[in-house]
Amino acid sequence: PLVNTREMFKKAYEGGYAIGAFNVNNMEIVQGITEACKELQAPVILQVSAGARKYANHTYLTKLVEAAVIETGVPIALHLDHGNSFELCKSCIDGGFTSVMIDGSHLPYEENVALAKKVADYAHQFDVTVEAELGQLAGIEDDVKVDAENASFTDPAQVEDFVTRTGVDSLAIAIGTSHGAYKFKPGQKPQLRFDILEDVSKRLPGFPIVLHGASSVVPEFVEMINKYGGEMPDAIGIPEEMLRQAATMAVCKINVDSDLRLAMTAAVRKYLAENPSHFDPRQYLAPARDAIRDMVKHKITDVMGCAGKA
Ligand code: G3H
Ligand code: 13P
Ligand code: NA
Ligand code: ZN
């Protein structure tokens with residue numbers, strides 16, 4: 001069924017695991033992710049960014065996700081990723097999404113509170129769950145690039161006030177992850193501020209925390225892309241071991257987009273390089289879909305810990 005995130009997060013919190021939240025942009029991506037979830041009986045969040053909605057259109061994406069519900073039978077939440085306005089959130093809520101993120105993390109604190117509360121008040125009338133964010137990740141989302149210098153870790157002293165006053169259902173925090181395929185500089189040691197996560201979860205007992213920018217930038221895909229004509233030197237992500245640890249803690253949602261892009265691009269590049277005369281898109285999109293499925297199966301089993309939790 002299409003569900004909101006409430007029950008998923010409650011079980012994940014108590015069970016010490018996380019739900020995978022994967023960005024979807026087309027049919028093959030939806031199929032690859034949800035085939036993995038069906039095989040492993042894992043609940044899942046399929047999330048749509050403003051950019052995805054612009055690319056594929058709201059109706060196509062919601063119908064693809066509804067098809068996945070029918071085909072898999074596992075609990076699926078349809079979530080707006082990084083909503084930047086009340087109007088966008090409302091449009092997704094009215095249009096059948098079961099969960100939305102209102103991202104006011106770049107706003108002054110009081111404005112972030114007011115916006116998140118407005119969205120939560122509206123969403124809850126329709127039993128739609130709401131994610132908000134405190135602190136700023138580095139990296140790139142849509143056209144907004146946040147330099148490492150302008151990124152800021154979440155201040156644990158704010159979280160209780162924020163959650164109480166807004167009524168949101170989950171909170172994304174900044175502890176050193178970032179969006180995109182270049183999360184750390186070459187030679188820089190990947191690090192996450194688990195002390196902040198710990199502090200936040202002490203102040204918000206039982207409250208679901210969300211980790212954005214959590215792709216591991218799978219080295220095998222980066223190598224494959226570079227081998228078959230791509231150029232992604234120094235692409236680097238969050239080590240799986242750290243994500244695994246976060247999943248055992250208060251983190252109930254782990255966001256992955258870059259790893260899907262890498263899997264798809266690596267598979268397409270390899271296929272086309274090895275089969276230069278082929279031109280039927282099904283021929284190169286089938287291995288791309290398989291690569292996504294296998295990558296997601298690995299994450300569900302070995303990183304999120306949500307296999308068998310459907
Ligand atoms: O957080 C950003 C996600 O990776 C979505 O990316 O806005 O390019 O669709 P997008
Ligand atoms: P990645 O770029 O690490 O996949 O992060 C995706 C994300 O946070 C989507 O909201
Ligand atoms: Na968890
Ligand atoms: Zn994000």
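Reader: At what angle do the axes of helix H7 and helix H8 cross?

Author: Two packed helices are described by the angle between their axes and the distance between the axes. Here the axes of H7 (residues 156-166) and H8 (residues 194-203) cross at roughly 35° and come within 9 Å. Helices are DSSP runs of H or I, at least four residues, and strands are runs of E, at least two, numbered from the N terminus. Axes are lines fitted to C-alpha atoms, for helices over the stretch in contact, with angles from 0 to 180 degrees between N-to-C directions. The model is predicted: local features need pLDDT of at least 70, side-chain atom pairs count only at pLDDT 80 or more, and totals for chains, interfaces and linings use all residues. Residues are numbered from 1 along each chain as its sequence is written, with chains lettered from A and ligands numbered from 1 in the order in which they are written.

Reader: Which residues of H7 and H8 meet?

Author: Contact requires C-beta atoms, placed from the backbone, within 7 Å. Pro156, Val159 and Glu160 of H7 meet Ile196, Asp199, Val200 and Arg203 of H8.

Reader: How do H2 and H4 pack?

Author: The axes of H2 (residues 27-40) and H4 (residues 58-72) are 10 Å apart, at an angle of about 25°. H2 is therefore roughly parallel to H4 (angles under 35 degrees count as roughly parallel, over 145 as roughly antiparallel, 65 to 115 as roughly perpendicular and the rest as oblique). In H2, Met27, Val30, Thr34, Cys37 and Lys38 meet Leu64, Val65, Ala68, Glu71 and Thr72 in H4.

Reader: How many helices and strands are there in the protein?

Author: The protein has 12 helices and 10 strands.

Terms used: Two residues are in contact if their C-beta atoms, placed from the backbone, lie within 7 Å.
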